[in-house]
Amino acid sequence: MIYFKLPFDEALHSVDKEAHKNAVNFYSYNSLTQVNFNGNIIKVDQEEFNTATITGESLINDNTRFTAETKEEYCNTLQQLIHVIKENDLPKLVYSRRKIFKDFNIIDYKDSFNNLCQSYPNAFRYLFNDGENAWMGAFSEVLGKFNKATHEFETMALAGTLPVLEEWSEKEIEEQKPVTSYIQNILKNYSVQIEQSQTYDHISGNIKHLRTDFKTIIKPEDLDRIIKDLHPTPAVCGIPKDFCNENIRKYEKFPREFYAGYIKVETEESVLYFVNLRCARLYKDSVHIFVGGGITAQSNPEKEWIETELKSEAILKNLVIS
């Protein structure tokens, strides 16, 4: 079962399983695991969906035995990471955690998904359960968008996080710069003419990010290679990629699974790739909410904790609980 809505589009979609062609594919952060929904993308009647019952009763139990990091554990780990960043003169390293929510009897995931769709109209919003994995999420970062007719490729550099009403500081501005440079350098390998926008505010619910857009023309046969080069971007990993990944494995308490991976959606006209950030893994008896942030030499562990708490609200505040 999968339901999804595209950014700025309130039409509800699913996959009919009647064809073998690609429709929607979820890739884990390390690209080693995939969940595929093959078939034709179809529209679903919203009223019909609203009468459906989708609760945690059909999900598997949480047998992970994971316990979430405390604030103290998180801040201590960040102090160690900041030391690594300074010692190695890193522009940025992304650290994530899980917030594990168990304080409920039943969650109505149909109504929760509807809430998520209303809260984040500019995001790719989804709910799926393949029998083993059940996830829900909404995030507006485009890893890639390819027009099959014109061969135009679009992507964005998205980094830095603050509550909507706060002013940008040097920390967030410096955090976004290497993401922009990283994407520029990759696109130069595939195209000589690259359009780049000014950096501007990108609103996502109760928080904002710094965003720079890119457009270029590429060869269709280069599409998969560009996506592999772009992922994971510094916005979800850090720079340099290999060194940061090594430290992510060393310091993060949990595997990322599909968090910070990407989602591929192929329509007749285009191939779309979305970063899977504001998301949660769903179990019968718990919800694992994944949140993270870009850590720099100027980072304050206390503020980073608050930032991840704000990000967790994207899922938590939309859950319909009984």
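Predicted model: local features only at pLDDT ≥ 70, side-chain atom pairs only at ≥ 80, totals over all residues.
Residues are numbered from 1 along each chain as its sequence is written, and side-chain values use heavy atoms, leaving out hydrogens and water.

Now the helices, which, like the strands, are DSSP runs numbered from the N terminus (H or I, at least four residues, for helices; E, at least two, for strands). Helix 6 covers residues 241-251, and the two pack at an angle of about 155° with axes 12 Å apart. Here axes are lines fitted to C-alpha atoms over the stretch in contact, and angles run from 0 to 180 degrees between N-to-C directions. That angle makes helix 2 roughly antiparallel to helix 6; the cut-offs are under 35 degrees for roughly parallel, over 145 for roughly antiparallel, 65 to 115 for roughly perpendicular, and oblique for the rest.

Who touches whom? From helix 2 come Thr 77, Gln 80, Leu 81 and Val 84, and they meet Phe 243, Asn 247 and Tyr 251 in helix 6, where contact means heavy atoms within 4.5 Å. By class, that is four nonpolar, three polar and no charged residues (Ala, Val, Leu, Ile, Met, Phe, Trp, Tyr, Cys and Pro count as nonpolar, Asp, Glu, Lys and Arg as charged, and the others, Gly among them, as polar).

Helix 2 also meets helix 7 (residues 301-316), with axes coming within 9 Å and crossing at roughly 125°. That makes helix 2 oblique to helix 7.

The largest nonpolar core has 69 residues, and Phe 4, Val 24, Phe 26, Tyr 126 and Phe 153 have the most contacts inside it. Helix 2 (residues 71-87) gives the most to this core, seven residues. Such a core is a set of buried Ala, Val, Leu, Ile, Met, Phe, Trp, Tyr and Cys residues joined through side-chain atoms within 4.5 Å; buried means under 20% relative accessible area, exposed over 50%, and partly exposed in between (1.4 Å probe, protein chains only).
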